[in-house]
Structures are given as structure tokens and as C-alpha cells.
Amino acid sequence: MTSTALRSRAWKLLEMVTTPLLPSDYLDLVSPLRAGADLRGRIEAVHPETGDAATIVIRPGRGWRGHTAGQYVRIGIDVDGVRLWRAYSLTSPTNRPDGRVTITVKAIPDGKVSNHLVRRAKPGTLIQLDQATGDFVLPQAKPAKVLYLTAGSGITPVMGMLRDTEFDDAVMIHSAPQPQDVIFRSELHDLVAAEKLRLTEVHTDIHGMLDIARLDELVPDWTERETWACGPAGLLDAAEKHWSEHGVPERLHTERFRPSIVATGDGGEVTFSTTGRTVDADGATPLLDVGEEAGVLMPSGCRMGICFGCVTPLKAGAVRDLRTGEITEAEPGVLIQTCVSAAAGPCDIER
Amino acid sequence: MTAIDPTAHLTAEQIEELGRELDAIRDEVIASRGEKDAAYIRKVIGAQRKLELASRAVLLFSLFPPAWVIGTAGLSVAKIMDNMEIGHNILHGQWDWMRDPKIHSTTWEWDHVSPADQWKHSHNELHHTYTNVIGKDNDLGYGIMRVDEDQKWHPFHLGQPLWNFINACFFEYGIAAYDLELGKNLHKRRRNNPEFRARAKAVGRKIRKQVLKDYVVHPLLSGPSFLPTLAATFTANLVRNIWSHSVIMCGHFPEGVQVFERRSIKGETRGQWYLRQMMGSANISGSKAMHFMTGNLSHQIEHHLFPDLPSNRYAEVAVKVRALFEKYELEYVTGPLPKQVFSAWRKVVRLSLPNKKPKAPVIVPEREKELVAA
Ligand code: FES
């Protein structure tokens, strides 16, 4: 018998010993970060960055497969006893000797998770983790010239790249309301002093929003640069338009933290038929949130329409895709992404 | 036997007002659920697992009598915790709001031969909706006993003290059979119903796993202590069964608890539904430890009013609920465990015989809420 076969036999036997629980339910009591456990992490430190941003140092469990600079990770953390999942960019270099990773979080108004992480999270807290993902990353071959166009917390994935890779010619335009709001400001200035980066800070409280037309004057050779842009939807929409108009859309890589919502529907009564719960939903709230509010266990992932971790059969009725306004009607086999779909009338979700 | 409706003095408006007051109590708890509650259930689950592990470890040496006694006691308590404060309450969805997939009514499985999903249907849906409605709520005597004068007597009932005792000893099997509605489904025609067969198979699978674990695997692991360990797990199961049976009997059987007619729940309002839960349930008084070991089903009245509120909050809710009973001049049936158990058993024995005198006419209150007092 091979050793894997042996091991699976032994595991089967252990399961007989622990039924109806699993052996892992007991192992989790003593070693939640072990190899083979559900992926978790432990918060080891929280370092303030600005008045409303902090870097969270996390020791990931043994199952962590590492990340590529620019990627994000989903974390599940209990806030007031309720497990909430959010995605944050990784800001640590990929080869940190102590194996820790960091995320940097900016508290957004009314943001349950972000405020909790920035202001209340305690070292020692166990959190749930997913593997790192996302394709807002550098190509295999290092580009000769790069441009980073960032605003607010859009700096975080880019910081991950800057800490990871040294560039010969890197330019950054970063917007923030005031100088003290610039996350990683002193580290950025160190890079500038070491001549590893050219930086333009736009302080929007003083200068107003960055006008994309000013790009020619700030970075005359921008069309030759491989560009990574991350920030609010307005900035990214303007950038996408600008790059297309100049015939170089393939040079622009963007990362959105939230889906841009274009359309809301009528709402209606939503039935979660497997669990037998029925609630009224408006036309703007994603069905994922509606279900979670109603106590239904909803699968989820990125919560912004990209990972398909939330797909669920639509058994009856119609839903509206919040990003496109498109209506999907129930038919056998129809699956919807609950994180970006809202009720467009009464509907039945198989959960 | 008298047929006095103990709620006859309430007007329809008062009943709806009572409903609103109960809703307010519920909303208050829901709004304040949080970190402390989550920490509570996690702590209880962790403690249960450690206790079970430790007890099973001690039982490996159960050849030595002190080890046998300690291990058996520990395992009995662990099994009671698993079924009562943890399993029953999680399967009610009391902790679903935490959104933790490991502590959720749709994923939880317990140390019990009835599979969680079947139990949830018969208990959460049927029993909690139709509490104490004759012919609708099979918990009233589990289909094998007569627990109200109004139920027809049959010579079969002569044996019910014995049925009840056997049921207490093998309670988990009784529940599994009950969830399967075995009595009704064993008739020739129903036996072959594919849906019933699938459910029966699931029960069979669960029983096999549980029996294998308790009576084969763990005794084998104990080597020379095989037989003592087997006796220990058997004893722990027996203790757990008798304990949960007793607690559950106290919930609806003691004297003073009302039983309702099928017709009385037609068009029932929210207020009336609450009132039926109030009059159809009974509590057990006692210490904190007592409430814990009963899975807070000692607060049966509160549990029936709010089956999905976290169990650790029933104690504080009980104070407010009791005040409402007083305000509306209703009887809050409660008492210490021995008294309630005795009261329930006395009823089982009494009703094993036919009614003494002809049935008194049922008084139908004006608002047409027919209710039969025991
Ligand atoms: S959660 Fe990622 S697509 Fe819906």
C-alpha cells in the first residue's frame, strides 16, 4: 500500500472515532494554522499609517501558497460576532523573510470591516483567509518604463509592487485630499530620494481632482509606459477613456475595489427556498447581502463580481445585474452571481 | 375535569397588544446580539469538545474503576452538552446570524441517531408551529401516548407508563423513529415510497456510524478495557437519553399546560400564536448550571416564544416575559425539575386509564377561540 493510501485509511479510521464531527474539528482547537486546516491567519500587529489607515501584519496558516505583487486577499473577520468577508490588497513584498504578509486598510465611512480593522483589531485575533488572487500584477518580464496612477487607498496594490521590484524608470501620480492622507508617504519619499521613483502628489483638497488631460504635461511619455491604475471609479473610467482615445488601451491595467453600479431594479420579495426564508428586498441591494441579512448561509468570494464564488441557481423570478442593468430570468440551470445581482421583482434563490 | 379557558378574560385587542410587547422584547435582543454572544457559543463548543476528548481518553483505562466512573460521568455531560445547549439550539438557527459556516443550522450535525435535517423538519417546523395542537403536534405523546383527557382512550394506552419509560431509555432512537413518522409510514403502501426510503436510509447510515463509534471503535481502542469502555459509552448514552427525555417532558406535559383543538388555530393572529405558546409550555426553575444542562430548555416558555434567539439570552428575556404573564393575569407554569418531572409522569399514568367521568362540555369563549383545559 502506498503511503497516501495508508494515510487516507488512517484518516477514515479517525473519522469513525470523531463522527459526527471531523478530526479537524478537534485539531482546530489546538492548531488552527496547521497544514491541511482551512486557511486562516493570525493578526500579529496593527501599525497605524495615517489618521484613518493602518497596516495589519498577518501570519498566514501553513496552507498559504504565497502571492504575486499587486494581488489581493480575501479575509473573513468577526465584527460584533458576525463573520464578514472583504478583499484587501497585499502590501508586503513577496519574499518577506518572516513569512508574514500585510494588508493596508483605509477606514471608509460606515465601513464595518475597515473601521474594525483600523481601530479595533487586536493582535492575536484569528481570521479566515483565502489564497491570494487577482491579475493586477506585473508581467514576467519587467517593463522598461512604468507609470502608476493611483488615488487614496488605490496606492496599496502598487505599494506591494514597489516593495517587491526595483524599476529603472518608474513614475507615480498619486491623489489624496491632503499631504497627511498619503498612505506610505515617508516610504515613497525615501524612494524618491534614492532616485528609484519620480512622484507627483496631487492634493485634491487644494488642487482639485486630477484632470487626466494634464497627463501630457506631468508625464510627457505616458503612452510609452506600461500603466497600472487603481483608485475610485471616476479616475479609472477617465483613464480607460483616455488610453483608448490615444490608441493604447492595452498598456493600461486597472483594479477596481467596488463594482460600478449603473442600474438598480424594482426589488421584490426574495425567497431562499432551501432554507425557507422569505424577505423583501429593494432593487439596489445585492442578493448576497439580502441573504446574509436574513441569516441564510451564502457562499461568497470577492463580493464584486469577479471571482464567481457566489454563484447560485435562480429558480424563479428575475434579477438585475447591478453593473450592466441586464435582467436575467429564471430558467432551469440558470446561475446568478448574488454579489452583483439585485431583485428585479419577486424571485427564488436556491439557498 | 373542568373546561375553563385561562385566557378567557383577555380581549382580542389585549392579545394583539401582548403580541406587540413580545415583539419588542424580541427586537431588543436581536439588536443587541454581538461579540459576547458569539464568544459564549464558541466557548461552550470548545469546552464540550475538550470534555469529550478528555473523557474518552480516561476511558481508555476504564479497567480501573475510578477511571470508569470519571470517564463515564464526563462523557455523559459531554453528550448532554452536545445535544442540548449546542445541538438543539444551533439547529434552531439561533446562531446563524454569526455567518460562521461551522456553527450554522444548515451544516451542523450532532451526536444523535436522528440526522439533523430530519429532526429540524419535525421539531422546528411541525412541533414549534403547531405547539400542543391535538392531531397536529406529534410531540404531544409522540404518537404513542395519551397526554390529554380530550384524546380518545384505547386499551393500548394502559401500557403507556411502560412505553414512556422505554422511550426515555432509548430516547434518541425514539426521536429518530418519530422524525421518520415510522408508525404511519410502515403501512404497506407507504413503506415503498422512495422519499421515505431515502430518509430511512439516511437514518440507518447515521445509526451505523454512531453505533460503530460508541460500541466498536472506542472499545477496541481501549484494548483490555474493551468491555468497561463499552459499558461506559452505553451508560453515557442512557444517562443522556433519560436526562433529555425528562427535560423535554417538563416542557409541555406538566399539569397546568394547555392543549388546543385543531379548529382553534384557524386564522390565528400573531398575538394568538404567542398566547398559545405561552399557555402550551412550562419552565423548570433552578440554578444557572441547571439551565445550562437543559440547554436552556428550562426556559421552555421563552424558547417557544422566540425559538431562534440565542439560548444564552433566555434568562434575561424570562424576567420580561414573566412580567407580561403577570400583567395579563396568566399562569406561568414553572417549578423545580423533580416536581415537574413528577407532574408529567403522573399525567402519563393517570391518562393511561380512561377518563373518570363523562367529559364536561367545552366552554367556547365568545371570540371563538376554542381551547380545552386539561
Ligand atoms: S463574490 Fe465574487 S463574483 Fe460574487
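How much area do chain B and chain A bury between them? In this predicted model, the two chains bury about 2300 Å² between them, and 58% of this area lies on carbon and sulfur atoms. Arg49(B), Arg99(B) and Lys102(B) supply 31% of the area that chain B buries against chain A, more than any other three residues. The contact draws 32 residues from chain B and 25 residues from chain A.

Polar and charged pairs were also counted across this interface. Between chain B and chain A there are 7 salt bridges. One of them joins Asp96(B) to Arg277(A), with the closest N and O atoms 3.2 Å apart. Polar contacts link 11 residue pairs between chain B and chain A, with both residues at pLDDT 80 or more. On the side of chain B that touches chain A, helix 2 (35–59) and helix 9 (194–221) of chain B each supply at least two residues. By class, that side of chain B consists of 15 charged, 9 nonpolar and 8 polar residues.

The cysteines were examined separately. A search of the whole structure finds 0 disulfides over all chains. Cys347(A) is in no disulfide, and the nearest cysteine sulfur, which belongs to Cys310(A), is 14 Å away. Cys347(A) has a relative accessibility of 4% and therefore counts as buried. In chain B, Cys169(B) is likewise in no disulfide; the nearest cysteine sulfur, that of Cys250(B), is 16 Å away. Cys169(B) is buried, because its relative accessible area is 10%, and the cut-off for buried is under 20%.

How values were computed
Residues are numbered from 1 along each chain as its sequence is written. Chains are lettered from A and ligands numbered from 1 in the order in which they are written. This is a predicted model: local features need pLDDT of at least 70, side-chain atom pairs count only at pLDDT 80 or more; totals for chains, interfaces and linings use all residues. Side-chain values use heavy atoms; hydrogens and water are left out. A disulfide is a pair of cysteine sulfur atoms within 2.5 Å. Buried means under 20% relative accessible area, exposed over 50%, partly exposed in between (1.4 Å probe, protein chains only). Contact means heavy atoms within 4.5 Å. Buried area is the accessible area (1.4 Å probe) that two parts lose on being put together, summed over both. A salt bridge is a side-chain nitrogen of Lys or Arg within 4 Å of a carboxyl oxygen of Asp or Glu. A polar contact is a pair of N or O atoms within 3.5 Å; within protein, one must be able to donate a hydrogen and the other to accept it, and residues adjacent in sequence count only if both atoms are side-chain atoms. Helices (H or I, at least four residues) and strands (E, at least two) are DSSP runs, numbered from the N terminus. Ala, Val, Leu, Ile, Met, Phe, Trp, Tyr, Cys and Pro count as nonpolar, Asp, Glu, Lys and Arg as charged, and the others, Gly among them, as polar.
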